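Please look over the sequence and the model below. The report then moves from the whole chain to single strands and residues.

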Amino acid sequence: MPLLLDVRSSSAYSQGHAAGAYNIPFDELRDRGFEMPSHKTPLVVECDAADVQRIQEWFRTRDERCRWNVVDVRAAGAEELRFVPGRFLFAGCPLLAAMASHVHAAAAAPGSRALDVGSGSGRDAALLCSRYGFDFVCALDRDAKALRRWTRLLDRHQVPHESRLAVEATIRAEGDLTAALASLPGPWDLIHVARFLKREILAELASLLAPGGLLLYHTFVEDTPSSTHAVAPGELRRAFSSLEILRDDVAAIDDGRELSFFAARKPV
């Protein structure tokens, strides 16, 4: 079933929208593209009746990098008035979904804390707050602009300020991650890393986990890594040999590149 995107103004959306529709005003689409679904996900776009043709043409002429699978553009409905916090168009990291029962168990710990390393614009960190219900979530990235997007996203979804923190930090060497988090009490019930790799901090990640804490690592895999952003098969298992390995396999994404599905737990 297609997802629904309402591109009218926020005020028009709040006066009534189709059930299940997500609002990104048309003028904000370029800055909020990170909130959009995958390019293969069917998407119905709703707008003011007078704008249907213009909006349809805009989506039709996007280049390949910004072309979504829009199956219809139509006048907006008005069956629903309420905004549903935590309902997003994007699905997030597939490893989070694959390990959902373990993630929910980690979130159920009293005062549960999650750390998203290399969070980018914070889609996964937003899910950790809103869908999985961690009591505190820290998004760490070197890109201040991306972290501001995450902050604004959580503001729109009414996530309390005291339950999340954006940390801007550049991780280059062993000790940098621990230093960046020095002001925050540890340890962490979940550490999530997606498409980010600094071998210098792998040992730190394990040390920052709480007993029973969950590590999820989703990054590129190559038989003979040709870049610093890919691991070799079995490399994560060796790096985290002190942890209980829950999952260690590889799956291909749409463009054929392979990514790790690695999950491990710190012994109690």
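## Contacts along the chain

Contacts here mean heavy atoms within 4.5 Å. Take the contacts in the protein chain between residues at least 6 apart in sequence: 67% of them join residues at least 24 apart.

The model is predicted, so local features need pLDDT of at least 70, side-chain atom pairs count only at pLDDT 80 or more, and totals for chains, interfaces and linings use all residues. Residues are numbered from 1 along each chain as its sequence is written, and side-chain values use heavy atoms, with hydrogens and water left out.

## Overall form

The protein chain has nine helices and 13 strands. Helices (H or I, at least four residues) and strands (E, at least two) are DSSP runs, numbered from the N terminus. The radius of gyration is 20 Å, close to the 18 Å that the globule rule gives for 268 residues, so the protein chain is as compact as a globular protein of that length. That radius is taken over C-alpha atoms, and the globule rule is 2.2 Å times the number of residues to the power 0.38. Along the principal axes, the C-alpha atoms fill a box of roughly 60 × 40 × 30 Å.

## Surface and charge

Of the 268 residues in the protein chain, 47% are buried. Buried means under 20% relative accessible area, exposed over 50%, and partly exposed in between (1.4 Å probe, protein chains only). The protein chain exposes about 12900 Å², and carbon and sulfur atoms supply 51% of that area. Accessible areas come from the Shrake-Rupley method with a 1.4 Å probe; for residues, only the protein chains shown count as cover.

There are 32 positive and 36 negative side chains. Lys and Arg count as positive and Asp and Glu as negative, while His and the chain ends are not counted. The centres of the two sets lie 2 Å apart, with each charge placed at NZ of Lys, CZ of Arg, CG of Asp or CD of Glu.

## A parallel sheet

An open sheet of four strands runs in the order E2-E1-E3-E4, with parallel pairing. Its edge strands are E2 (22–23) and E4 (70–75), and each pairs on one side only. Two strands pair if DSSP finds at least two bridges between them. Strand E1 (residues 3–6) pairs with E2 over two bridges. Leu5 stands opposite Tyr22 in E2.

Strand E5 (residues 113–117) has five of its five residues buried. Both faces are covered: Arg113, Leu115 and Val117 lie on one side, Ala114 and Asp116 on the other. Five bridges join E5 to the parallel strand E6 (residues 136–141). Leu115 stands opposite Cys138 in E6.

Helix H5 (residues 123–130) has six of its eight residues buried, so it is largely enclosed by the rest of the structure. Those six are Asp124, Ala125, Ala126, Leu127, Leu128 and Cys129.

Six of the eight residues of E13 are buried. Strand E9 (residues 209–218) pairs with E13 in the antiparallel sense over four bridges, and Leu215 stands opposite Ala264. Eight bridges join E13 to strand E12 (residues 244–252), also antiparallel. The hairpin of E12 and E13 has five residues between the strands, and Gly256 takes a positive phi near 95 degrees there.

Ser260 sits in E13 (residues 258–265). Is Ser260 buried or exposed? At 3% relative accessibility, Ser260 counts as buried. Its bridge partner is Val250. Not counting residues up to four places away in sequence, Ser260 touches Tyr217, His218, Thr219, Val221, Leu236 and Asp249.
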